[in-house]
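Student: Could you show me how to read a few features of a protein model, giving the general idea before each case?

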Amino acid sequence: MNAKRLNQSTSVGSRPQSKKRGPLSLIIKLLIAVAVIGYLVSLLFNDVERDIATLCRIDSEFPRETALLLDTTDGFSSTQADSINRQLEILLRDAVIDEKYTFFALGPATNTYFPRFSLCNPGDGMDDPALSIDERNTYQNWDEELAQRVRAQVDGLIGQERRNSSPVMEMIQYTSNQNRWSSADSEKRLIVISSMIHSTPEFSHLTDSTNFGALAGTEYLSRVLAFLDNVEVTLLYVQRQQGVAIQNRGHIESFWRPFVDASGGSIVDVKSVN
């Protein structure tokens, strides 16, 4: 009897004891579970807040910002308008998700300047199941909306006569000052649609000079320099009959490239619009 009890006692004592899990282990597992769930939710739902009217991110995190500047001080032929519209359509094909476009149509009266509108590329909306069918269609057709609104402005200038004043430098300054390219790390672009024939009482390419040296160091230049730090500038260079003697490679290289350089930017492309 004693031997049997001894054996039973030894058998019971030899069973492995289960280890108690401490509160730290439970907390770690809980944190891991929360992180995994949060990650899965972020994949299923697009939590980027957008402005309803512009489709732009509320947090202003734009990978690229593009300003479109239309000089309205002179009109276009139908051929020129078609060429400009095709160039803009090509531009939009290169749009990146969350890119912001801001459009300016500026004329001779600088005290009437204002940005026309802004619109962003929100993507196709397929990653946001909360969107309605109409909202998803709006996302997918944002580029057509932008192209139509710009085309209406361009086509409205067909046949218009040239104005006496064409303050191109002031236009560029105003656009750069208003846009201010809000995200410091984003790519920055400025597309200018103009003959680039600057003409104001203070300085005119028609009566003074197309050499930037004639303007350098003047009080007028200090007032019209733009804010183009790290901005890439593309010119849609509209050819004018009255500008035959002015509009050439020297017009860009001797005046506009130094002006843009002095403003902190760089001209990366010039496309003639004949």
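Tutor: Let us begin with contact, which means heavy atoms within 4.5 Å. Not counting residues up to four places away in sequence, H198 touches S166, P167, V168, M169, E170, F203, S204, H205, L206, Y220 and W256. This is a predicted model, in which local features need pLDDT of at least 70 and side-chain atom pairs count only at pLDDT 80 or more, while totals for chains, interfaces and linings use all residues. Residues are numbered from 1 along each chain as its sequence is written, and side-chain values use heavy atoms, with hydrogens and water left out.

Student: Is H198 buried or exposed?

Tutor: Buried means under 20% relative accessible area, exposed over 50%, and partly exposed in between, with a 1.4 Å probe and protein chains only. H198 counts as buried because its relative accessibility is 0%. Q173 is buried too, with a relative accessible area of 19%.

Student: Which residues have the most contacts inside the largest nonpolar core?

Tutor: In soluble globular proteins, nonpolar side chains tend to be buried together. A nonpolar core is a set of buried Ala, Val, Leu, Ile, Met, Phe, Trp, Tyr and Cys residues joined through side-chain atoms within 4.5 Å. The largest one here has 31 residues, and M169, I172, L190, V233 and W256 have the most contacts inside it. Apart from it lies another core of 26 residues, among them F76, L91, A95 and F117.

Student: What is V233 in contact with, leaving aside its neighbours within four places in sequence?

Tutor: With those neighbours left aside, V233 is in contact with L190, V192, L228, V260, S266, I267, V268 and D269.
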